[in-house]
Each structure stands twice: as C-alpha cells, then as structure tokens.
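Here is a short report for a first look at a protein model.

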Amino acid sequence: MSDRYGKQNLFSYFHAPGKDESRLWAIENNLTKALILLLKHCRRELFLQTFLNEIGLDVKADEKVQFAIQRRPWLPDLERRLVLCITGGEAQLHDSRTFDGQGLPDAVIWGGNWAVAIEAKVGSCVDKAQLRRHLRSLG
C-alpha cells in the first residue's frame, strides 16, 4: 500500500485549513485513520478479532487481513460487503444485500471473501446514497 501522504504514519494527519466543511472532513478522516492504525498494529486477537466479530464477521486467526485508507481496492469476488458508519450518534452497519453504488470510503478492511468499507461522520446524519456508492466501489 502506498504511503505517499503519510496515511500509515501515526504522527502525520489529514489537515484542511479553511472552511468548516474542510475541517469536518479532516476530523472524520483522522478518526478513521486512528482506528485503522490501531486495528492494524495492535494485538490482533485483542483488537482486530474483537472488532470484526462485533460487526458479524467470523475471521480465522491466521486469515490475511488488509487495510486501505482513502483508497478503493478492487475486490470483485466477495461474498460479503459491509459499510460501517461511525457517527456522532450510534454506529450503523449496512449490508450489501440492500445497497449498490460507487464511492471512495474513508477506509476499507478486507480478507478472504469479505470487505468492510468505513465511513466516519462528525454528525449523526449519513447519506444513504453515499453508502450505496461505497458498497459498489468494493467490486
């Protein structure tokens, strides 16, 4: 995975000086980046396994799991596609059986025959059309 913008560096961050919308974008993307780095680099059985189990994925301890931040991997042979929305309110989970579309999620976690697109929002309102685009973007 390319790290041209420091996406895998804990000490670099997304910043967007200027308009309020840009600041919200940076906050959302920094939240997602922190989550991905935690899941990728901390004890797998404690963090990643627990996280994936909590959203309904049964992943084997030795299964290869990959991560992307602000990138859209092409994953055409998936049996299960999910979008996890992290909001100022309750986290929401959406399954591919109800959505289709294209988009650039904040992050993607995938392995074997499954993928989870992650979208963070400062408020509690999530655009369902955006979620459809994210699911479609996974292949």
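## Cysteines

Cys 85 is buried, with a relative accessible area of 0%. Buried means under 20% relative accessible area, exposed over 50%, and partly exposed in between (1.4 Å probe, protein chains only). Cys 42 is partly exposed, at 33% relative accessibility. The whole structure holds 0 disulfides, a disulfide being a pair of cysteine sulfur atoms within 2.5 Å.

## About the model

This is a predicted model, where local features need pLDDT of at least 70, side-chain atom pairs count only at pLDDT 80 or more, and totals for chains, interfaces and linings use all residues. Residues are numbered from 1 along each chain as its sequence is written, and side-chain values use heavy atoms, leaving out hydrogens and water.

## Nonpolar cores

The largest nonpolar core has 19 residues. Such a core is a set of buried Ala, Val, Leu, Ile, Met, Phe, Trp, Tyr and Cys residues joined through side-chain atoms within 4.5 Å. Among those with the most contacts inside it are Phe 51, Ile 109 and Trp 114. α1, α2, β1 (66-69), β2 (80-86), β4 (107-111) and β5 (114-120) each supply at least two residues of this core. Helices (H or I, at least four residues) and strands (E, at least two) are DSSP runs, numbered from the N terminus.

A second, separate core has 11 residues, including Ala 68, Leu 75, Ala 115 and Leu 138.

## The loop at Phe 47

Phe 47 lies in the loop between α1 (20-41) and α2 (48-54). Its relative accessible area is 31%, so Phe 47 is partly exposed.
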